Amino acid sequence: MNKLRKISIYLFLFFSTIYISQAQDIERWDKNAVGKENPNTQWFQDAKFGMFIHWGLYSKLAGVWDNKDYYGSGEWLMHQAKIPAKAYEKVAASFNPQKFNAEAWADLAKDAGIKYMVITAKHHEGFAMYDSKVSDFNIVKASPYGKDPMKALANATRKRGIQFGFYYSQFLDWHEPNGGGNKWDFKEADKDYLKYYKEKSIPQLKELLSNYGNLGIVWFDMPGGLTKVQTQALVDEMHALQPKSLFSSRVGQGLGDYRTFGDSEVPATPIKGAWESIYTHNDSWGYISHDMNFKTPEEITQLLANVASKGGNLMLNIGPDGEGNIPYYSEKYLRETGKWLEKNGESIYGSTYGLVPAQPWGVSTSKPGKLYLHILNPPKNGKIRVPGINATVTNVAMLNSNTRLKYEIKDQILYLNLPTKVEPYHEVITVSFNGQLNDGYLNSVPTVSAAYDNNMLEIIHSKTSAAAKIQTLTYSHYFGDWKHTPCVTGMVKPKDQVTFQFNITEPGDYKVQLEYACPEESAKQEGIMEFDHKTYKFQTLRTSEYSSSKPLLFIKHPVATVTVREPGIYTLNLRPESNTKELFKLKSVIFQPIR
């Protein structure tokens, strides 16, 4: 990039009209990528499993300020506690992570089966975790540690064949008077966002893209302060420095190279193209000493299978502490995950979304000539039913041992018996076939079977009419601990209906539960369920109000016992009995066999 080009971009940013986003933080999650797929995404799409690392001054504070414990996102502590920037600066004077070991961190990633790593170079607190010449507020100049951990980590990961990348918060910067987000120290009306981009954000990005070798990913976060034209200029300048690096969609304005969904969000159906879901290992991204809710190896492997079954990557976050230690359970459980991947990684790495949609027993992933069945919920009778097998099956075997399994196919349905479980987390069965297997999502009909305690009919498989609609509701438990739930909303009048069509494979009696959220103002309204030519009435029960900043509580409300006399395709309708307020926010319908 020549000097004239650099000057022109700075002048363009400086003199352009400022675009100030008034959106809430979750609305900054740009989930859209450019329409034309980046030719460098193949390694990313094959990788499937990444490691996210949040590490900064907040790690030293560990979720505590002024003798008060904070919960949720530890890296947002400065914001939660409204810590003055000058007071926060002083934390750096005692930040000395002498136990940081780049080789050990890279070994853990390798042992866990990780294929790419992204670490925070600068989070919203404004502190650079590398040797920045742009701002002295960095780990080399402002802390007694005095070294650049990013250099060592970049080298260590690459030696092990792991792609390395940086997270950078390009707009939010609570340390800077002109940075986004800090309204408790600096008046919003006095801010000059373009000055911040010119003097800190862009120069630091250039440092990262120029001084740390080839970066697989630059993970932008929380866009703001720029128009689409200005964002495009930023992207072009950074891509000129690293043409093969992939930029996350949170660079903003739909200009990322791949899609990143909301924190802790998995799309309900397969998404084509390059994308990822990001999850915390416990409840926080940054280290919190009192956060001990770690996902088990079983939860990690099942989450990984679920994301891969939709065609995406899982980037799982860990939060090292202020001394440079990775939490005990993160080390232990990630290595256990790696052991599972040693035996079953063929079903994850390089796979595409499963051609057989989610079934009561679990999910599937695919490769040419192979279908992988991830048994997340083994049936009581040990019998697996796999619909939509139109190709010629040549072999069915356990992936971890290659033990062949007996099977039969009838009416394009594959039937097989599960062997005794030997995998500690979940089994994977390989179905090898010749020919072209149809995409089961094109004509997906959910299955209800007496072999499972709970048969969940998810909203994504429903059809709505009139004002009823499917809407993903985003809400949080702890601060920043986001949840995303597709629901049917807008059911106010009798014509606002939701309809499920599904296949019941065994006759018998079933208990029907409605899983929903219902605020006080909608409680005690009558609803109608229609099933198998019969009508059932129910009254809604209060759970909680909906607010994106609070937990949304769902109840599993038993409303009827029904008798199914023969297997087949059935339809269930739900609607308000009369014109009223919204009936509820429906999450699912659950059929429980009565044995």
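Rings of Phe, Tyr and Trp (its six-membered ring) pair if their centres lie within 6.5 Å; planes under 30 degrees apart are stacked, over 60 edge-to-face, and the rest tilted. With that rule I looked for linked rings and found a cluster of Trp55, Phe95, Phe100, Trp105, Phe127 and Phe137. The count of aromatic pairs came to 37.

A note on what I'm reading: this is a predicted model, where local features need pLDDT of at least 70, side-chain atom pairs count only at pLDDT 80 or more, and totals for chains, interfaces and linings use all residues. Residues are numbered from 1 along each chain as its sequence is written, and side-chain values use heavy atoms, leaving out hydrogens and water.

Phe294 is buried at 12% relative accessible area, while Tyr329 is partly exposed at 31% (buried is under 20%, exposed over 50%, partly exposed in between; 1.4 Å probe, protein chains only). Tyr329 also pairs with Tyr333, tilted again, at 5.5 Å centre to centre and 40 degrees between the planes. I checked Tyr333 too, and it counts as buried at 17% relative accessibility.

Then I went looking for charges over rings (NZ of Lys or CZ of Arg within 6 Å of the ring centre and within 35 degrees of the ring normal). I found the charged end of Lys115 over the ring of Tyr349, 4.5 Å from its centre. Lys122 has its charged end over the ring of Tyr168, 4.8 Å from the centre.
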